[in-house]
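This briefing is meant for someone meeting the structure for the first time. Please keep the sequence and the model side by side while reading.

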Amino acid sequence: MLVSMSSFAQETEKYSSDYANFYRAEELFEKAKFSAAQEEFKVFMKSFHEPNDPLFIKAKYYNAICALYLYHQDAEKLLLAFLNEYPESIYRQDVYLELARYYYRKKKYKDAIKWFAQIEVYDLQEEDKPEFYFKKGYAYFYTNNYKQARDNFYEILEIESEYQDPALYYYSHIAYDEKNYEVALQGFKKLANNPNFSKSVPAYIAQILYLQGKYDELIEYVPPIMEGNPKNSVELAHLIGDAYYRVGKYDEAVPFLEEYNNKSATTRDEDYQLGFAYFRSKQYMNSIKMFDKVAKIKDELGQMALYHIGEAYLKMENYLYARNAFELASTLHFDEEITEDALYQYAVLSYKLDFNPFDEAVEAMNLYLERYPDSHRTQDIYQYLVNVYTTMKNYKSAMAAIDRIEDKDFKMKNAYQMMAYNHGVELFDNGAFRLSQKAFAQARRYPIDPKLTALSHYWTAEASYKLRDFPTAIQQYRTFLEVPGSYSLPQHNDAYYNIAYCYFKQKNYKDAIDNFRTFTQDFNETSHEKIADAYLRVGDAYFVQKDNEQAINFYAKAIAENGGQVDYAKYQTGLTYGYMTDYGQKANIMLDLVNNHTKSVLVVPALYEAAEAYRLMDDAHHEQAKKYYNQLIIDYPQHPKMIDALFQLASLHFRDENYGQAEKYYLRIINEYDNPTKEKEALARLKDVYTAMNQPDKYFDLVESLSGSGSVSQSEKDTTIYFAAFEQYELQKYPEAITGFKRYLEEFANGFFAKEAHYYKGASHLKLEQKDLAIVHYKEVLKRPTSIYTEECAGVVSKYEYEAGNYNDAIGYYEQLEATASYPESKLAAQIGLMRCHTFNKRFDLAKGYATQVLASDLALENAKIEANYVLGKAEFEAANYEAAIPYFRSVAGDTKAEIGAESQFTIALIYHLQEEYKNSEDEIRTLMKEQAGYDYWVAKALILQAKNSIGMEDYVQAEYTLNSVLNGYSVQDDGIIDEANAVMEVLNGLKNKSKEIPEGGDNTIEIGGDQ
């Protein structure tokens, strides 16, 4: 009870003394009621006036601490004031610590370091030391004083506290920065299971293992931790990918390197690494894309990338693209070993591919020999060089290249001969006949192959024939026949056929017959068409020479051969029987032609000749003659033979004393047709008719109406002037004839013989090679009704307008020729002309029909049929009927080496491109490069198309190379090729330079943990 009362008394005295307010404030402070405590401390200090009193000093200390804990702005000021007023206070170490904490919290680390430095560690409570060392170390760390930071962190590494693990983290981080990797590794491993560091520590461990070269350990460590570290997943992918790469596990490296590459702004070295990993894991197309990015810069790494692109394409067996990449690598000289090998690979692949749009194989091989004359590969290159000369299609360049070789061996000379011969054939196919003869002469410069030597003579003669130099052609064919190498050639017998034609064209029928018969007697000849044609020409020759029996004999042989032109053979046979006055046989044969060859252009002439046969038999057959004349008049009213049928029908009626009918038909000739010659004959016969009818006045009235002046003498003047001019024409005095016909036309513009005058004046101008003047008069003929001159004039004028490029005008004249043609050759010429004109006018719908007719003609030459196939292909192509177009173009490309063949082959490739069948398009382009390499324009067009194929397949590397080969290798600047290549290159660059989509937050550096 006494003790209790004593304690109560003391407590009562405590709260009733001068220190009462202090005690109440202290009690509140201990209860963490800092705001209330501060107010009580202020009341105490205001009422207590002993500044050196221990409790006053303590109250002032508490007041500053309350302000600090309450985050008052004057807390710093109060603490500093306390230290200034009581520098030796027992509370100064506590104030130092609180100020250090204050500045640390404010992240004023330099100020915090200053106050941490005032503290005597030994005066600190043990529980405060971990905090002291950590925060002091962190302040040093933040201000980049890593040594001091490390030393402070080190002090608490073995002391258990909340600061132990953070201190270990930063201590390990400093060790990592100082490349003390083992120390850092051990520290980070201790923190691996601490949830506060699980997101950052694994990345450090992975990097350290990587930097220590512990790739197997890294490979084992990283995959399990990647899902829990999304922030560092990209960098971790890079590390493990690189680790797999370094231990040669490229398949495993690829997915990790891909992830890093797709989500990071990578360097060229990193792109190269992924490319090589793709290459070694056999993902060749992916490797090419990565190497291409590296190869944009021309340095040692770029050269290596190009070389690997070549290797990748080789692995894919895409030898063309491999060749292109090796070529690019060979142009760089950063690594000479790579340069040499790349050039060798490029040269060999150029040869093996047989694909040399700009003579690359030859140039590459010569360049290799020039650069590396002592290489162990030189003998191989020489052999390849010989082979490539033999297989190249760019013959002119090949010959020039061989000419540069001083010592040519047997194989090289043989190659030269073959190149020269093929160049000659190429020029011949393109119509350059004189140039082809020069090339064939070059083929005989090194007469290694007897057959080629013989063939060069043959084609030289063919060129002369095309140039219509028949005497020279005969000599050259004879030379061919005498050359030993010709005997086993199929052209040996053809030479006799061609010699025969040369004689035939010169009207030397005897020699023509001899040579045609020599041709037909060769048992090895298999061409029924040529044999039949030879028989026909022999028959024609005998026909002209009036050896009728022989003519009939050979026409019969032509029919039996069944090689075409049967209608012509029958027609000529009928004419021959007519000349033999065997009119019955003539009539039978002509009617056979009419009935069994209904589509023949000879149907109308045969019908007329059948009527003529019956007319000439006897009076008993006149009715049959009239029947067939009438059939012709009714069925073919526009045919030139119509007027002849009218005349003969009128004559028959006159003979039968049927004068009214005779008058009717003669008047039709005068009134309905513009044929002065027949008009004169009809007028003369009408005089007989009217005399027989005892109506002479009708005749006089008719003459007056026809003369226009009422004077018969004017008509006689018309006739006299015309025939005076015509006589000069017959005497081949063409200037005089022109003068005479000019006078006639000036005086009788619409005279009896106006049409004839225009025709013969035009013909005279042609004889004098005044073609433009001739055409004027031929056009005048064509303005008048159809006559015997229409066919010839239409043929000349249509060809003239076609060659002048006036296709619309030419079409009209060709149509006139087609409508009036009495000879199969004329009709075919019209169809060919119409086909061509409509093609040039891009009216393929119209050209198509004529091309079909040309193909069906027995008379059409091979070149015309090739052209017809081309037109049919174009028609189907323009109508987007691609599948239908391909066979026509393929036929053209296979049948001719002329430029039309190159265009056709290109169009096949274009069709496949349009159908997005890029591989098929590539194959067709390769065929063009092999078979039609001499046409630079189409080669360049094909290469641009090839680039488009590559773009379609997303092979931008190859597309760029191909376009560059055009831009650097094509010499013509103004034909649209360079512009087209540049346009495609612009598209390609837009695709290639498409930026990489890197996810936001792509900063993959490892972030150091925040404050503790």
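D335 is placed in the loop between helix 19 (319-330) and helix 20 (336-353), in what is a predicted model. With a relative accessibility of 21%, D335 counts as partly exposed, because buried means under 20% relative accessible area. Apart from its neighbours within four places in sequence, D335 is in contact with E300 and Q303, while its C-alpha atom is separated by 102 Å from that of A684, 349 residues apart along the chain.

**Nonpolar cores**

- The largest nonpolar core has 143 residues, and the members that touch the most others are F41, F134, F153 and F188.
- Helix 4 (residues 54-69) gives the most to this core, contributing eleven residues.
- When residues up to four places away in sequence are not counted, F153 touches F134, G137, Y138, F141, A167, Y170, Y171 and I174.

**Packing of helix 24 with helix 25**

- The axes of helix 24 (residues 410-429) and helix 25 (residues 433-443) come within 8 Å and cross at roughly 165°, which means that helix 24 is roughly antiparallel to helix 25.
- The crossing in which helix 24 passes helix 25 is left-handed.
- On the side of helix 24 the meeting residues are Y416, Q417, A420, Y421, H423, G424, V425, L427 and F428, and on the side of helix 25 they are F433, L435, S436, A439, F440, Q442 and A443.

**Packing of helix 36 with helix 37**

- Helix 36 (residues 641-655) packs with helix 37 (residues 659-672) at an angle of about 160°, and their axes are 7 Å apart, so helix 36 is roughly antiparallel to helix 37.
- Helix 36 makes a left-handed crossing as it passes helix 37.
- Helix 36 brings M642, I643, L646, F647, L649, A650, S651, H653 and F654 to the contact, and helix 37 brings Y659, Q661, A662, Y665, Y666, R668 and I669.
- The residues of the contact of helix 36 with helix 37 divide into twelve nonpolar, three polar and one charged.

**A buried histidine**

- H838 has its place in helix 46 (residues 824-840), where H838 is buried with a relative accessible area of 6%.
- With neighbours within four places in sequence left aside, the contacts of H838 are I811, R843, F844, L846, A847 and Y850.

**Helix 2 and residues with positive phi**

- In helix 2 (residues 20-30), the buried residues are A20, N21, F22, A25, E26 and F29, and just after helix 2 the residue A32 takes a positive phi of about 65°.
- K179, although not a glycine, has a positive phi of about 65°; K179 lies in the loop between helix 10 (164-177) and helix 11 (181-190) and is exposed, with a relative accessible area of 59%.
- N562, although not a glycine, has a positive phi of about 55°; N562 lies in the loop between helix 31 (548-561) and helix 32 (566-579) and is exposed, with a relative accessible area of 61%.

Notes: Residues are numbered from 1 along each chain as its sequence is written. This is a predicted model: local features need pLDDT of at least 70, side-chain atom pairs count only at pLDDT 80 or more; totals for chains, interfaces and linings use all residues. Side-chain values use heavy atoms; hydrogens and water are left out. A nonpolar core is a set of buried Ala, Val, Leu, Ile, Met, Phe, Trp, Tyr and Cys residues joined through side-chain atoms within 4.5 Å. Buried means under 20% relative accessible area, exposed over 50%, partly exposed in between (1.4 Å probe, protein chains only). Helices (H or I, at least four residues) and strands (E, at least two) are DSSP runs, numbered from the N terminus. Contact means heavy atoms within 4.5 Å. Axes are lines fitted to C-alpha atoms, for helices over the stretch in contact, and angles run from 0 to 180 degrees between N-to-C directions. Angles under 35 degrees count as roughly parallel, over 145 as roughly antiparallel, 65 to 115 as roughly perpendicular and the rest as oblique. A crossing is left-handed if the near helix is turned anticlockwise from the far one by less than a right angle, and right-handed if clockwise. Ala, Val, Leu, Ile, Met, Phe, Trp, Tyr, Cys and Pro count as nonpolar, Asp, Glu, Lys and Arg as charged, and the others, Gly among them, as polar.
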